[in-house]
Amino acid sequence: MSDIEQRIDRLESQAAIQQLPIRYALAVDGRDLDAWVGLFVPDVNCGRRGSGRAVLRSIIEPAVRTFYRSIHQICGHRVEFDDADHARGVVYCRAEHEAEGQWIVMAIAYFDSYERRDGAWYFVRRQEKHWYAADWQERPSAPFTGWAAHPHPPTLPQEFEAWNPFWAEEAADRIAALTALPTGDTA
């Protein structure tokens, strides 16, 4: 490919990749699980449970049955290319879930891997990490675990590469004045 063809391919690839999180949000909110699993590579690795879209669906279906309605708002997306057919990115999302008389608000960052196969871009992996989950009527507070049905403790912002070095030399009492959740503590 010429330089201009490579540049056009990169722009088209970025546009296609940036559609993946939006399509993901619409599929989850619309409970279109076939569309949802279709966003992932056919041999998606589901860890100890196996691989493939059918396995992925068996994992996600029970999870989306823990809340009735949801709204996933995509707030920003950074994409970095490893080569012409592989990329990675971070997507911010503000999600709301109706569950057991509450509307749970979550601040999320998805850490993604993407791959182009047969001319189409797919998720290879999505790692969801969050800052907090809280009912919309409550103010999020440490330890940011306001949704009992989903007991996963938050891992952000501590998992951002620059976070811990940024705060490393700050006095503990200064940090305690800013937050009830000390830096580096994800529990």
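Is Arg65 buried or exposed by its relative accessibility? In this predicted model, Arg65 counts as exposed, at 64% relative accessibility.

**View 1. Salt bridge between Arg65 and Glu61.** The two side chains meet with a nitrogen-to-oxygen distance of 2.8 Å. Arg65 is the exposed member of the pair, at 64% relative accessibility. Glu61 is partly exposed, with a relative accessible area of 22%. The structure holds 14 salt bridges, and this pair is one of them.

**View 2. Salt bridge between Arg94 and Glu96.** The closest N and O atoms of Arg94 and Glu96 are 2.6 Å apart. Arg94 is partly exposed, its relative accessible area being 33%. Glu96, in contrast, is buried, with a value of 18%. Glu96 is called buried because 18% falls under the 20% limit for that class.

**View 3. Salt bridge between Asp112 and Arg126.** A distance of 2.8 Å, N to O, separates the charged groups of Asp112 and Arg126. The pair links distant parts of the chain, 14 residues apart. Asp112 lies in strand β3, residues 102-117, and Arg126 lies in strand β4, residues 120-135. Asp112 counts as buried, at 3% relative accessibility. Arg126 is buried as well, with a relative accessible area of 15%.

**View 4. Network of Asp34, Arg57, Glu61 and Arg65.** Salt bridges that share partners join these four residues into one network. Among the contacts in the view is the bridge of View 1, in which Arg65 and Glu61 meet at 2.8 Å, N to O. Of these two residues, Glu61 is partly exposed at 22% and Arg65 is exposed at 64%.

**View 5. Cysteines Cys46, Cys93 and Cys75.** How many disulfides does the structure contain? The count comes to 0. Cys93 is in no disulfide, and the nearest cysteine sulfur, that of Cys75, is 6.3 Å away. Cys93 is buried, with a relative accessible area of 4%. Cys46 is buried too, and its relative accessible area is 14%.

How values were computed. Residues are numbered from 1 along each chain as its sequence is written. This is a predicted model: local features need pLDDT of at least 70, side-chain atom pairs count only at pLDDT 80 or more; totals for chains, interfaces and linings use all residues. Side-chain values use heavy atoms; hydrogens and water are left out. A disulfide is a pair of cysteine sulfur atoms within 2.5 Å. Buried means under 20% relative accessible area, exposed over 50%, partly exposed in between (1.4 Å probe, protein chains only). Helices (H or I, at least four residues) and strands (E, at least two) are DSSP runs, numbered from the N terminus.
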